[in-house]
Amino acid sequence: MGIVPLVAWSAVLLTAWGPVGADTPVVRPSGFNPADPAYRQLYALEAAAVALDLDQAKVAELPVHRAAWTTLRDAALATPVPGTQHPHPLAGRALVMLAAVEQMADDYPLATERVTAGLALLAPFADHYRPAIAQGRTLQGFFKVIAGDAAGGLAILEPNVADFERFHDALPPAGRTKQLEVQRADGLYAYSQALARLGKLDQAAVAQQRSAAAMAAGLGPNAGAALRAQADYAVLLGRAGRRDEAEAVARAVVERTVANLPRTDEHYPRILGFTGLMLSRNGRRLQGSAYLEGALEAMTAAGTDRTLSFHQFRQAYGSTLFERELYPQSLHAFDGALTGFRAAKSPFDIAKALSLIGLAHFAEGQSALAARELGEAVGASRARDRNTREVAQVSLPVLTVATLDAGRVQEAKGHADQFVTDVAATEGAQAFLRANAAALRAYVALRGDPAGRAAAVAAAGRMVGVVADNRLLAGAGELPQRERAGLDLALRIAVEARDPALGLKAMAVLAGSRMAQANRLLIDRLATGDPGLGSRVRALQDAVRAAQSADGAYLSALGGSGDVAERRLARDRAAGAVGALRAAIARDHPRWDEANALAAVDLPGIRAGLARGEALLGVTPAFDGVYVLAIGRSGAAIERTAIGRAGIVAAVSRLRASLPAGAFDAAAAHALHAQMFTPGVKAALGGATSLRVVATGALAALPFAALLERPVTRVDRAAPFLVRRYAMRMASGFVPVPAVRASGKAERFLGIGAPLPFPGGDTTRPVMVAGRYYRGGGTDPGALGSLPPLPAALGELRAVANRLGSSRATLLTGGDASEARVRGLNLGGYSTVMFATHGLVSGEMEGVTEPALVLSPPRASGDGDGLLGASEIATLRLDADWVILSACNTAAGDGVATPAFSGLAQAFRYAGARSLLLSHWPVRDDAAARISVDTVSGARAGLPREVALQRAMLRLLADRSVVGGADPYVWAPYVLVD
């Protein structure tokens, strides 16, 4: 992605360039002396222009540089070389520099014109002006990249870099000046990006590493341009899949940048932007967004918000929003970037922006519009260079599906075939791309001929396996858009083929990925604290990489380029090694295995884990679609909702927004029920009276109990709520959990909450996601001081304590509701533990940003930071039948991508809680006491726990003495999590 302007002696971010096109023999003047004193005036003009230092120029200073190099050009053009018709070659040198000036001003047509003319004037004097010609060819190649001709650009850059490297290496050390080292770095950087644009990422990373070393040699390791070159290297490492190396390089660059550069330095925002880009590609999207926001703000303050670089960072920022499924916000950023790219006349960037806009519109359910935009993006990219695959590889899979949705099967087949061809021609193509290509072609064939069912299911199953392995390699990171779209494709195939087993596998990866992401700190803690586990995890990751490589070789053999039988055997051996290592980790380290969501699931295993009268309902948004999986004891079904992901998310949002307003949206409640509980789903559920529900994304924030089975004109106590038909318990994933058994200990209650507030802040602000309460590696007291008060929390704890028997109750409130007091108690002696405080939820576990419960501010150092985080909760030693989290949003998540019941809920389960009762929203204290106590009491009397909660809700709903008791806001906030 070209972001940073290319000038002489500067670091750059380029991609690919075009051929020189100089096949005509050049007549070289004899006897020319570049140091001839007769040209003393020209040398003085050149020295004056060089002294201005274009490398350090700001946009506002470009007119001065333009004037200086124009003066030299005009004087040189008027000075012929004796005995020839050629003007002095410094005219060509000046034109090359003027091309660099115009490129910095984003006038690429004029820059292209000038560099072409400059190289023509320099050609007869090539023996004397090799650095100037090399610089011109680098610029010429860059301008071809901007025009979208990647392969042509590489044809210039590859020999140009080789020639300049030979020239450089032949110089004595004293002759390797700052200017030559930086020019060498420019050429290598451009070359690296050309390779990257053509999919040769490993080669690109090597070239960029050499570029960064050359820049450091020329300017010093802590110069802005040198640091920026290192940031570029981090980006390429990330793109090449070397994520750990990428993050280590990026973080080191940021530390050196902060220590050595003023914030006003032009490189400062660019380094922040590149680091943000790398972090977001590395799965750390919240941190990536923050870095990119900072870069955009700094560039706006500096007046560089109309440059190509600014628009590319804006697009990168939109990409982080897109990956977080914040599609309307991402579209705003993409649209702004597209306007900037069109003003800069940058065809490749225009094509890429159109591609991203098309993907976002597709995710929002605008399939026809997306098809037009994606088709335009691919067409524009192909028209410039059929070898430029970056835009096509992103666009073609979704374009194929969108075209199929429009019923144009033959056109879709052409797109799928082109994608297969592109992937096959990509050097070192990732395993996912190969598997995705095979599944896409199989899906098109299935839509045209049902006889392709078996092949499509097999191809989709292979792709699901690759995505699962990629998630493991990414360190339990969230799935990127490309892989979510791939799983959506697998689910489409499952629906088309009526194969719930395939649907289960794909949905398990989606749910497992989000659960593992929320458990990221716990995973890291477990692996770090056990060296043996850490080494086995690394061995597993190596084995997965080997298996993916073997699978790629097998797929190549199927395409006619090798021994199929031999490569199949190698693939099977590699897969067996992965399976053996996974089984060993699961046996010896079950908590790590569960936190990483590695356990395999299948229909027989799910059925075996169902209790009598129970069925499973899975509801999962993938990319543009939402999928419903029903598994009963004798039937199973997989379906796609008629309304797409955007429509389902909007309905959930309407329903949630209506609850606190006292105007329950009955229409949304019924519409959601109708989408999920179709005749086919109901048939698969059979006569079940209990549901185990696995809901991810926006659906995890949905109060299923309050869905309406029939439309109603008004909500009253007799309304047909789903809670009347099913007792429900929620699960974070599809892996069956052991049956819950009561401890048998005497009832003892521990209530923790109503903490002292943190000082300062605007307490009228709403509670935000967890990431907003951390700063600089720790908590942010100022942000915590803005949390609103909890006036009902104390009354809620006392009400529950009184109903359970106050003589057996311990309450920690006010200053006693602290980390120090919680850790000082023997928590294993309590059968019921309840928290009534703020719950800060985040499903994107980045750094210290994790879900947490807010306690009182610490009284002394060593007393904690006032937040009881998920990874800290997981280390507590509980033996509780129940943990009740009556805290704001403890069951909710951060945006539509968040796993609602992961994080806090999972942490308490690891700590020893047998069952968790969590609230979707702040609970009225009288209702909280009744529901929580009746649920606990019913379970102690022998009822299944989900049935105990169901009856507690129904009693409250039927009790006419409860003011507003018919409103789901009063009776439906709690969910049971096992």
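Since the model is predicted, local features need pLDDT of at least 70 and side-chain atom pairs count only at pLDDT 80 or more, while totals for chains, interfaces and linings use all residues. Residues are numbered from 1 along each chain as its sequence is written, and side-chain values use heavy atoms, with hydrogens and water left out.

Let's start with the whole chain. The secondary structure comes to 38 helices and 16 strands; these are DSSP runs numbered from the N terminus, with helices being H or I over at least four residues and strands being E over at least two. The protein chain has 978 residues, and 59% of them count as buried. Here, buried means under 20% relative accessible area, exposed means over 50%, and partly exposed is in between, using a 1.4 Å probe and protein chains only. As for contacts (heavy atoms within 4.5 Å), take those in the chain with a separation of 6 or more: residues 24 or more positions apart account for 73% of them.

Next come the salt bridges. A salt bridge is a side-chain nitrogen of Lys or Arg within 4 Å of a carboxyl oxygen of Asp or Glu, and by this rule the count comes to 31. One of them joins the side chains of Arg-66 and Glu-102, at 2.7 Å from N to O. This pair ties together distant parts of the chain, with Arg-66 in helix α2 (residues 62–77) and Glu-102 in helix α3 (residues 90–104), 36 residues apart. Arg-66 has 25% relative accessibility, so this residue counts as partly exposed. Glu-102 has 5%, so this one counts as buried.

Arg-930 also forms a salt bridge, with Asp-959, and the closest N and O atoms are 2.6 Å apart. Again the pair links distant parts of the chain: Arg-930 sits in helix α36 (residues 925–940), and Asp-959 sits 29 residues away in the loop between α37 (945–958) and α38 (968–971). Arg-930 is partly exposed because its relative accessibility is 22%, and Asp-959 is partly exposed because its value is 21%. Then there is the salt bridge between Arg-821 and Asp-816, at 3.3 Å from N to O. Arg-821 is partly exposed, with a relative accessible area of 35%, and Asp-816 counts as partly exposed at 32%. Salt bridges can also join up: Asp-405, Asp-488, Arg-492, Asp-624 and Arg-640 are linked in a network.

Now for a pair of helices. Helix α7 (residues 178–197) and helix α9 (residues 224–239) pack with their axes 12 Å apart, at an angle of about 20°. Axes are lines fitted to C-alpha atoms, for helices over the stretch in contact, and angles run from 0 to 180 degrees between N-to-C directions. The two helices are therefore roughly parallel to each other, a label for angles under 35 degrees. On the α7 side, Tyr-189, Ser-192, Gln-193 and Ala-196 meet Asp-232, Leu-236 and Arg-239 of α9.

Finally, there is His-311, which has its place in helix α13 (residues 308–323). His-311 counts as buried because its relative accessibility is 10%. Leaving out residues up to four places away in sequence, His-311 touches Asp-305, Arg-306, Gly-336, Ala-337, Gly-340 and Phe-341.

Key:
Parallel < 35°, antiparallel > 145°, perpendicular 65-115°, else oblique.
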